[in-house]
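Visitor: I would like to learn how to read a structure like this one, feature by feature. Could you walk me through it?

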Amino acid sequence: MRSGPTSAPATALIPDTASTRQYIGAWSVLSVLQYFAAETAVIGAWAGPQPYDRRTGYISDLGAVNCGIYDGRDVCSPLHWLMNASFVIQGLGMLLGALLLGSGLLCVAARAGARVQPGRGKPWLAAAWVRTLTGAAGAGTMVVGLVPEDAGSAFHFIGAVAYFLAGAGALVVLGVLWLRQTPLGWFILACGVVSLAALATGGLTGMDVPEPGTLERLMGYPVTLGVAATGLVIAQRVHRHRKELRARATAAGRP
């Protein structure tokens, strides 16, 4: 009796964890840390009638182009151009990471020699969602920088929400995917959960809380830190693999 045709087993893929593309992608997302240096410098130059307080001041006030009353707040940020440039650079870093870091590499957390089944498997789909959400978050924060809060456009608010929501979503998915891949998987997951919880709180309260600046930073800071942690894991592992390959090549070339 002839058996029916059997489908060929899916070919396992070993992602290239030593390519220059992946290395650049890792450093691109790691570069989001520049935001904290820029924010500190802009706060130091604040010229409003009252000192800027991270607990009560909105992040977007630092990027407001004009000095004066905005939404009931007296804002004046002489280095607004630096804050807005930082938003754009942060977004570009996330966009580059989304484009350059392959789904296969994200599936295995850049572990050299690890295999993954390409296609529509759960890890592959999760990695694709991470890339999509990270790109959306990057685009959102670029809009925040290109359209300051006092530009009179709703795009600033839309961009901010896109950054918080998509960025947190990407971290939750990646954190779950990496729980068994790296100890930082738990940190990345926690960053996403904290950001989503703060975003939900802000939405339910309309930001009418004693410390709106603290709440907004609980939405945004974890995204930046989680994305940077992702870049750190990948950059370290790709660098180590590249170094090992160079050592092997040097040893093979010796007489």
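Visitor: Let me start with a single residue. In which helix is Leu82 found?

Guide: Welcome! Keep in mind throughout that this is a predicted model. Leu82 sits in helix α3.

Visitor: Is Leu82 buried, exposed or partly exposed?

Guide: The idea is to read the relative accessible area against two cut-offs: under 20% is buried, over 50% is exposed, and values in between are partly exposed. Leu82 has 24%, so it is partly exposed.

Visitor: Which residues is Leu82 in contact with, leaving aside its neighbours within four places in sequence?

Guide: With those neighbours set aside, the contacts of Leu82 are Ala38, Ala41 and Val42. For a distance across the chain, take Leu82 and Ala247: 165 residues separate them in sequence, and their C-alpha atoms are 42 Å apart in space.

Visitor: Now the whole chain. How many helices and strands does the secondary structure come to?

Guide: There are eight helices and two strands. Along the sequence they follow the pattern α-α-β-β-α-α-α-α-α-α. Along the principal axes, a box of roughly 85 × 60 × 30 Å holds the C-alpha atoms.

Visitor: What share of the residues counts as buried?

Guide: Of the 255 residues in the chain, 47% count as buried.

Visitor: How should I read a helix pair? At what angle do the axes of α3 and α5 cross?

Guide: Two values describe the pair, the approach of the axes and the angle between their directions. Helix α3 (residues 80-100) and helix α5 (residues 122-146) have axes that come within 7 Å and cross at roughly 160°. An angle over 145 degrees counts as roughly antiparallel, which is why α3 is described as roughly antiparallel to α5. The crossing of these two helices is left-handed.

Visitor: Which residues make the contact of α3 and α5?

Guide: On the α3 side they include Phe87, Val88, Leu92, Met94 and Leu95. On the α5 side, among them are Arg131, Ala137, Gly138, Met142 and Val144. Sorted by class, this contact of α3 with α5 has 12 nonpolar, eight polar and one charged residues.

Visitor: And how do α6 and α7 pack, in angle and distance?

Guide: Helix α6 (residues 155-177) and helix α7 (residues 184-205) pack at an angle of about 150°, and their axes are 7 Å apart. The crossing of α6 with α7 is left-handed. From α6, the residues that meet α7 include Phe164, Leu165, Ala168 and Leu171, while Ile188, Leu189, Cys191 and Leu196 are among the α7 residues there. The contact of α6 with α7 divides into 13 nonpolar, four polar and no charged residues.

Visitor: What lies in the loop between α6 and α7?

Guide: Thr182 is one of the residues found in that loop. Thr182 is buried, at 8% relative accessible area. Apart from neighbours within four places in sequence, Thr182 is in contact with Val233 and Arg237.

Visitor: Next, cysteines. Which two does a disulfide join?

Guide: Look for a pair of sulfur atoms within 2.5 Å. Cys67 and Cys76 are joined, with S to S at 2.0 Å, and the count for the structure is one disulfide. The torsion about the S-S bond is about 60°, so this disulfide is right-handed.

Visitor: Are Cys67 and Cys76 buried or exposed?

Guide: Cys67 counts as exposed at 52% relative accessibility, whereas Cys76 counts as buried at 12%. Two further cysteines are worth a look: Cys107 is buried with 4%, and Cys191 is buried with 7%.

Visitor: Last, backbone torsions. What is the phi of Ala109?

Guide: Ala109 is not a glycine, yet its phi is positive, about 55°. Ala109 is in the loop between α4 (103-107) and α5, and at 0% relative accessibility it counts as buried. Ala110, in the loop between α4 and α5, also has a positive phi, near 60°. At 1% relative accessibility, Ala110 counts as buried.

Terms used. Residues numbered from 1 in each chain as written. Predicted model: local features only at pLDDT ≥ 70, side-chain atom pairs only at ≥ 80, totals over all residues. Heavy atoms only, no water. Axes fitted to C-alpha atoms, helices over the stretch in contact; angles between N-to-C directions. Helix = DSSP H or I, 4+ residues; strand = E, 2+ residues; numbered from the N terminus. Parallel < 35°, antiparallel > 145°, perpendicular 65-115°, else oblique. Left-handed = near helix turned anticlockwise from the far one by under 90°. Contact = heavy atoms within 4.5 Å. Nonpolar A, V, L, I, M, F, W, Y, C, P; charged D, E, K, R; others polar. Buried < 20%, exposed > 50% of the residue type's maximum accessible area, 1.4 Å probe, protein only.
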